[in-house]
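Me: Hi! I am new to this structure and would like to go through it in a few questions. Could you help me find my way around?

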Amino acid sequence: MALFVVFQTTFFLTLLSLRTYQSEVLAERLPLTPVSLKVSTNSIRQSLHLQWTVHNLPYHQELKMVFQIQISRIETSNVIWVGNYSTTVKWNQVLHWSWESELPLECATHFVRIKSVIDDASFPEPNFWSNWSSWEEVSVQDSLGQSILFVFPKDKLVEEGSNVTICYVSRNIQNNVSCYLEGKQIHGEQLDPHVTAFNLNSVPFIRNRGTNIYCEASQGNVSKGIEGIVLFVSKVLEEPKDFSCETQDFKTLHCTWDPGTDTALGWSKQPSQSYTLFESFSGEKKLCTHKNWCNWQITQDSQEMYNFTLIAENYLRKRSVNILFNLTHRVYLMNPFSVNFENVNATNAIMTWKVHSMRNNFTYLCQIELHGEGKMMQYDVSVNVNGEYFLSELEPATEYMARVRCADASHFWKWTEWSGQNFTTLEAAPSEAPDVWRSVNSEPGNHTVTLFWKPLSKLHANGKILFYNVVVENLDKPSRSELRSIPAPANSTKLILDKCSYQICVTANNSVGASPASIIVISADPENKEVEEERIAGTEGGFSLSWKPQPGDVIGYVVDWCDHPQDVLQWKNVGPNTTSTVISTDAFRPGVRYDFRIYGLSTKRIACLLEKKTGYSQELAPSDNPHVLVDMLTSHSFTLSWKDYSTESQPGFIQGYHVYLKSKARQCHPRFQKAVLSDGSECCKYTIDNPEEKALIVDNLKPESFYEFFVTPFTSAGEGPNATFTKVTTPDEHSSMLIRILLPMVFCVLLIMIVCYLKSQWIKETCYPDIPDPYKSSILSLIKFKENPHLTIMNVSDCIPDAIEVVSKPEGTKIQLLGTRKSLTETELTKPNYLYLLPTEKNHSGPGPCICFENFTYNQAASDAGSCGHVPVPPKAPPSMLGLMTSPENVLKALEKNYMNSLGEVPAGETSLNYVSQLASPMSGDKDSLPTNPVEPPHCSEYKMQMAVPLRLALPPPTENSSLSSITLLDPGEHYR
Amino acid sequence: LPPPAHLCLLTLLSPPLSSAAPTSPAEPISQAYSLALYMQKNTSMLLQTYLQYQGSPFSDSGFSAPELQLSSLPPATAFFKTWRALDDGERLSLAQGAFLALTQHLQLVRDDQSDLNPGSPILLAQLGTARLRAQGLLGNMAAIMTALGLPMPPEEDTLELVAFGASAFERKCRGYVVTREYGHWTDRAVRDLALLKAKYPA
């Protein structure tokens, strides 16, 4: 080992002495070694600045030389950079050279040495490198200060995307140092125990205030200090874009460009990039104050060509762009002015404008744009100073916008901005006749014609329509035609015309004139042609209509219909060779019925109704269900009817009805089908296909059963709305029978009761007349008046019946008797005291013990005095009972009449019996004395009994038959009245 | 400067300027105490705003670097016993020295920030306000010293030649230390003035 060390030392010494020898030899031959090498540092730029001289240079001679420089870091053997520097060296010249270090100089000691060689043609001989100068050491660390931690480089300015090396110097190797870039730890390479370097590749631009990088020294968890740097990363300076220059007046060139990103940084580290304009022909330069434009004064009139260089510059970079141009090719004219319109009429106008004059004999190219009615027209025109253009084929009464821009005609560079103005053409007479249609309402004696017209389109109106003229001319009789003017917004008018043919002309008028006339002829015959209505199906797009062509010449067809819900008449004109059309508007609504009428227009312009169509653009299900009545409810059937349901005003054509029936029975009735309702329940369904059949007899039902039914109409779109079922319970069988019998019976009984009630008086009279009470007779009062204390009423038992004598009756007697009777009656009627019998008699105490029979053979005066005058009148007889007989006169007349009738009815001749009272006989001849002697009869003489009994029968009791016959004969009710 | 602060400053500044020979120290002590209390409310806000504009690590939550100090700025921390034993003159002159240094440092920090953060008017306004308040407190303390008959300490230029070569990061650190110490010295001034207030009741 020792031997090896000795050998090595010997070898190095030998080598060293050999090298020394060589250099001495070279130096002798070429003694141009760099000497006085001094190295200084620039911390901000992180650069080493070298300066040296070359000895032994020939006086006043220049030599081209090459210097090789070696830089080592930390120790001399660690060479990190070798490079050559060629320059021409003068005698006694101090040479300078700089080297920028990636690693901050503060973080490592650097060593520099230099050698040279002549590289000059005047030294043709092969040249040798000089000796190296001695290593020059550069160390900044010692001057740092007392702090425990340092981070470098401070406030470095770099461009985005460049690589940066930072480092720290830690005085105490026991401290643990961590470094962070914007809060994220970074890891580096340890150069020596105190120094660590970090290579940051492609640093990003974060903000213009710089990027913080800091290191923290700590022992354990105790922070010993913090130190950092701010790295200023600049955006890369961009080349200016779209650089161009132009002139408007040949005095100033206006140059513009797009500057790109601003590279200014905070802390005054870098201001915004500067822009400088350099013109190479004149050699002039101008620093621009704005970042995107610059004005250049044109000083020499003769200069036509310009070569501009725009230089953008910041601390890190310089960029430039170049343009070369002829000034006359960069003329940007000033905007045209004084744009005006002359001689504007309905269809043309003259447009004039002016251009700023640049130089004499300068021609301009101008472009005109005309905007109007949604269209644009473009025209090019060449002008000098005053521009003029004739605009033709304009639309009347239309607002136009015309604008113009110009450019240099000889060397087109750029259009000016547009200069424009609006103008409106004048009105012209409307160019087309209005579309007119009519509806005719025939009434007896006249027609009511309503004319409708559509407003003219803007294209045809040629202005504002002010009014419509309607001229009505009678075609049958020569007469003056009638003119009506209707102010403009109106689109209809009503005319009442008599039964003649009329021609109606309609024109639209604006301020200039009238349109062509639209002619319609109303014929004298009303439209009474019966045309069947045909059903059609519409679609969402509209209705497709077709019709049979009208025989004869037609000039066209018209289809009209009414819009709902506005009820406005709409129409469509169809050409003469067309027999079908599609009516499509957005106005058609689903569920609304539209009626279309198709008219043919004859050559005489008379409209003739050809066909009628009706339909729905979309049929809907019925909106309501009919109100159903249940009739004829029996134990086995009932009838449903909905006669009131209108099938016309529905949102679809009613095709029929569905009758749903629910019952407890599982089986459906014969004509019904099983159906499932929307709620899932089962029921029976019967379909009626005829919309006019609005009743249904539901039979085969069970008595005393519960049924539910529901009737709904249906259209092609479906059924009516769901509704509740109506409940019906069938009655039991017997009750219906009972009702059948009982009802008439009850009715009959009631009828009888009413009759009985009405005729109660008669019945009473007939069936059980009052028996007169002799004690209540007026005779009694008369007797009392005579103050006869022994007055008594004779009892029947006291009477001794006499024999009845039947006498044959001679004719003459009969007549006499009648005459007598009449006179008697007259006497009776004249007697006022007879009337008292008519008023009601209260508290009649039932029939008295005596029965009074009237006998015509008997003296009536005596009969009057009897108790037969008592009439059993129902208590408080209502006035109605008396009827017409409320006045005494009426009563008397009625009595007279009835009495006469009853007399008349008695065929006296048929009577074979004559009653002769045994008591009355003595008085028969003494009529005159009757009033005076009624109170003088002998005992029981008041009873005037007649008996028609054979002589052999001695006092038979009055039989029922005889009394009945007597009643029938005499009709006492009538008589008493 | 918000209007209340203006008013406050005006009222507090005017008495010591107008009255040459106050009779009792209680009033200027009370006024100084009120101002110090008012300043105390805003010191942490100033520090937070400042840090927020400096980037990492300053803007990191919970940032604290007590080891960072400025030799030109006297530390506010003191041993309690020493502090308690100070006499009125020493106490007031220490505080006055500190606030004098703080006014100069706050101006320096504001200049630095207007260079680095020209687009942050809030921070610049707060720094300006803090400096004005520090000056106001200085005036109040001078009034107290006059009232107590104490000699006024000479005005010194605390910032000598240290400021201008500093790097951006050092300037950020410097601003941090200044705004932090402004808070600490305000806290200490409140304690100082409370002690004086107790000693010289109205």
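Reply: Gladly! Let us begin with a term: a salt bridge is a side-chain nitrogen of Lys or Arg within 4 Å of a carboxyl oxygen of Asp or Glu. Please keep in mind that this is a predicted model.

Me: How many salt bridges are found over all chains?

Reply: Side chains of opposite charge can pair when their charged atoms come close. Searching the whole structure with the 4 Å cut-off gives a total, over all chains, of 23 salt bridges.

Me: Which residue forms a salt bridge with A:R317, and is that partner buried or exposed?

Reply: The partner of A:R317 is A:E159, with the closest N and O atoms 2.5 Å apart. A:R317 sits in the loop between β22 and β23 and A:E159 in strand β9, so the pair ties together parts 158 residues apart in sequence. A:R317 counts as partly exposed at 30% relative accessibility.

Me: Which helices of chain B are linked by the pair B:K199 and B:D88?

Reply: These two residues form a salt bridge whose closest N and O atoms are 3.0 Å apart. They are 111 residues apart, with B:K199 in residues 168-199 and B:D88 in residues 88-116. The helices are therefore α6 and α4.

Me: Which residue of chain A has its backbone nitrogen reached by the side chain of B:S56?

Reply: B:S56 lies in the loop between α2 and α3 of chain B and is buried, with a relative accessible area of 5%. Its contacts beyond four places in sequence are A:E182, A:G183, A:N212 and A:Y214. The side chain of B:S56 comes to 3.3 Å from the backbone nitrogen of A:G183.

Me: What is the area of the nonpolar surface patch that includes A:Y757?

Reply: A:Y757 belongs to helix α3 (residues 733-758) of chain A. Exposed means over 50%, and A:Y757 counts as exposed at 66% relative accessibility. Among the other residues of the patch are A:L738, A:M745 and A:L758, and its area is about 1,100 Å².

Me: What is the mean pLDDT of chain A, and where does it stay under 50?

Reply: Of the residues in chain A, 75% reach 70 or more, and the mean is 77. Where pLDDT is low, the predicted coordinates should not be read in detail. One stretch with pLDDT under 50 is residues 811-854. Another, with pLDDT below 50, is residues 856-977.

Methods. Residues numbered from 1 in each chain as written. Chains lettered and ligands numbered in written order. Predicted model: local features only at pLDDT ≥ 70, side-chain atom pairs only at ≥ 80, totals over all residues. Heavy atoms only, no water. Patch = residues over 30% accessible without salt bridge, like charges linked within 9 Å, V, L, I, M, F, W, Y side chains within 5 Å. Areas by Shrake-Rupley, 256 points an atom, 1.4 Å probe, with all protein chains shown as cover. Helix = DSSP H or I, 4+ residues; strand = E, 2+ residues; numbered from the N terminus. Buried < 20%, exposed > 50% of the residue type's maximum accessible area, 1.4 Å probe, protein only. Polar contact = N/O pair within 3.5 Å; in protein donor to acceptor, adjacent residues only side chain to side chain. Contact = heavy atoms within 4.5 Å. pLDDT = per-residue confidence, 0-100.
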